[in-house]
Amino acid sequence: MECKITLIPGDGIGPEIVGEAVKVLNKVADKFGHTFNYTKILMGGCSIDEYGVPLTDEAVDICKASDAVLLGAVGGNVGNSRWYDVAPNLRPEAGLLKIRKDLGLFANLRPAYLYNELKKACPLKEEITKDGFDMIIVRELTGGLYFGERETKTVNGMLEARDTLTYNEEEIRRIAIKAFEIARKRKKKVTSVDKANVLDSSRLWRKVVAEVSKDYEDVALENMLVDNCAMQLVMNPGQFDVILTENMFGDILSDEASMITGSIGMLSSASLGKTKLGLYEPSHGSAPDIAGQNKANPIATILSAAMMLKFSLDLDKEANAIEEAVAKVLSEGYRTVDIASNETKEVVGTDKMGDLIAANI
Ligand code: ATP
Ligand code: MG
C-alpha cells in the first residue's frame with residue numbers, strides 16, 4: 001500500500017520524537033511491503049520564526065491532501081517572549097487550534113494504559129492498580145472554552161477578561177456517538193463527565209448524551225461530575241472504560257490519567273473527524289526543558305503512529321506489531337529516564353529507544 005503522510009515535527013522535543021516514530025514506520029513499511037511518502041511542514045514556534053504565523057494555509061492544504069498527519073509538539077517561546085505575552089492568534093498553540101478546526105477534527109482519543117512493567121513508575125499504590133488500568137478519554141476538541149468568544153477590556157480602570165463556553169446539540173451528539181462506538185469495541189461502559197450542577201452547557205451535554213445512549217443499549221452510561229472524576233481517577237481508576245467529556249475537562253483529566261500510566265511520555269492520541277484523515281500526536285507538549293538532550297521518551301509518539309496506522313490507514317496488523325514491539329522492549333527492561341526505576345536494566349536515550357522498538361518490528 002502507498003500512503004501520503006504529513007509530518008509536523010514542530011518545536012522543542014518534537015523533531016527528536018517524530019524522528020524516532022519515522023524510524024519505526026520505515027521498519028513497518030519494509031517488513032510489510034508498504035510505501036510511506038512523507039512531506040514535512042512547519043507549525044508552531046518554528047513556523048512563526050519562518051513565516052510570522054504559527055501555521056500557513058499552504059501547510060493546511062498539504063495536510064488535507066494527505067492520508068494522515070503525524071505531529072510531534074508545538075509550544076515554547078516566541079522570540080524572546082513567552083506565549084502569554086503574545087496575541088492569541090500568534091501563539092505557537094494557535095497552530096494546533098487552527099489545524100484541528102481546518103481539518104474538522106472534533107474528537108480527541110487518548111488511551112491511557114498501564115503496562116505491567118511500569119507499575120513501579122506509577123505514583124499510585126500498587127493495590128490501587130492491581131486490577132490494571134486501561135481506559136480511553138474521548139475529548140471534544142473544537143468547541144467549548146478554547147474556541148469560545150474571548151475578550152480583554154478595561155472596565156472602571158481595571159482590566160477584565162472573559163472566555164465563553166458554548167456547545168450546540170450537534171457538536172455534543174457527534175462526539176457522544178464516537179464515544180459509544182469506541183465503548184462498544186471495549187468494555188461497553190461510557191462515563192460522561194460534566195459539571196451539570198453548575199453549568200448550562202453541561203446540562204445540555206447530559207441531555208444529548210442520554211439521547212444518543214438510547215441507540216447503544218449494549219453500552220452502560222454513567223454521568224459523573226468533573227471534580228468527582230478527578231478524585232475517582234486516583235482512588236479507583238480501574239472503574240473507567242471510556243470517559244466522554246468536553247474540551248477543557250478532557251485536557252485536564254487526560255494529563256491526570258497520563259500520570260497513572262507512569263509518564264506523560266507514554267500517552268498517544270488521535271484526533272479524528274468525519275473522514276479517514278486524522279492527526280496523531282503524543283499527549284504531552286514540547287517539553288522545552290529537555291529539548292535537544294536525547295532524553296525525551298519517544299513511545300507516546302511511536303504509539304500515536306500505531307494509532308495512525310489503525311484509524312487512518314486501516315493497517316491493524318502493522319499497528320499491533322508496533323504495540324507489541326513497545327511491550328517487548330519494556331519487558332526487556334529498557335527505559336527512558338522518565339519511566340526508569342531502580343529495577344531498570346538500562347536507561348536509554350531517545351534514539352536508542354527508537355532503535356530498540358524498530359528492531360523488534
Ligand atoms: P508545552 O508548553 O509545549 O505544553 P510544557 O512546558 O507544558 O510544554 P510538557 O511538554 O507539557 O511541557 O511537559 C511537562 C513535563 O513533562 C516537562 O517537565 C517535560 O520535560 C516532561 N515531558 C513531557 N513530554 C515528555 C517526554 N516525551 N519524555 C519525557 N518527559 C516529558
Ligand atoms: Mg503542557
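Me: A residue counts as buried if 20 or more other C-beta atoms, placed from the backbone, lie within 10 Å of its own, exposed if 12 or fewer, and partly exposed in between. What makes Asp227 count as exposed?

Reply: Asp227 has 12 C-beta neighbours inside 10 Å, so it counts as exposed. It lies in helix α7; helices are DSSP runs of H or I with at least four residues, strands are runs of E with at least two, and both are numbered from the N terminus. This is a predicted model: local features need pLDDT of at least 70, side-chain atom pairs count only at pLDDT 80 or more, and totals for chains, interfaces and linings use all residues. Residues are numbered from 1 along each chain as its sequence is written, while chains are lettered from A and ligands numbered from 1 in written order.

Me: Why does Asp255 count as partly exposed?

Reply: Asp255 has 15 C-beta neighbours inside 10 Å, so it is partly exposed. Its helix is α8.

Me: How do you know that Asp227, Asp251 and Asp255 gather at one spot?

Reply: UniProt, in an unreviewed entry, annotates these three, Asp227, Asp251 and Asp255, as "binding site". They span 29 residues in sequence, but no two of their C-alpha atoms are more than 14.4 Å apart, so they gather at one spot. Such annotations may be inferred rather than shown by experiment.

Me: Why is Arg110 called buried?

Reply: It has 24 C-beta neighbours inside 10 Å, so Arg110 is buried. Arg110 sits in strand β4. Beyond residues up to four places away in sequence, Arg110 touches Ile136, Ile137, Arg139, Ser254, Leu267, Ser269 and Ser283. Touching takes C-beta atoms, placed from the backbone, within 7 Å.

Me: What makes Arg100 partly exposed?

Reply: Arg100 has 19 C-beta neighbours inside 10 Å, so it counts as partly exposed. Arg100 lies in helix α4, residues 92-102. Its contacts, again leaving out residues up to four places away in sequence, are Leu105, Leu141, Thr142 and Ser271.

Me: How do you know that the buried residues of α8 line one face of the helix?

Reply: The buried residues are Asn247, Phe249, Gly250, Leu253, Ser254, Ala257, Ser258 and Ile260. Down the axis of α8 they fall within an arc of 155 degrees, so they line one face. The arc is that of the directions from the helix axis to the C-beta atoms. An α-helix has 3.6 residues a turn, so residues three or four places apart point the same way. Among what covers these buried residues are β4, β5, β8, α7 and β10.

Definitions and conventions:
Two residues are in contact if their C-beta atoms, placed from the backbone, lie within 7 Å.
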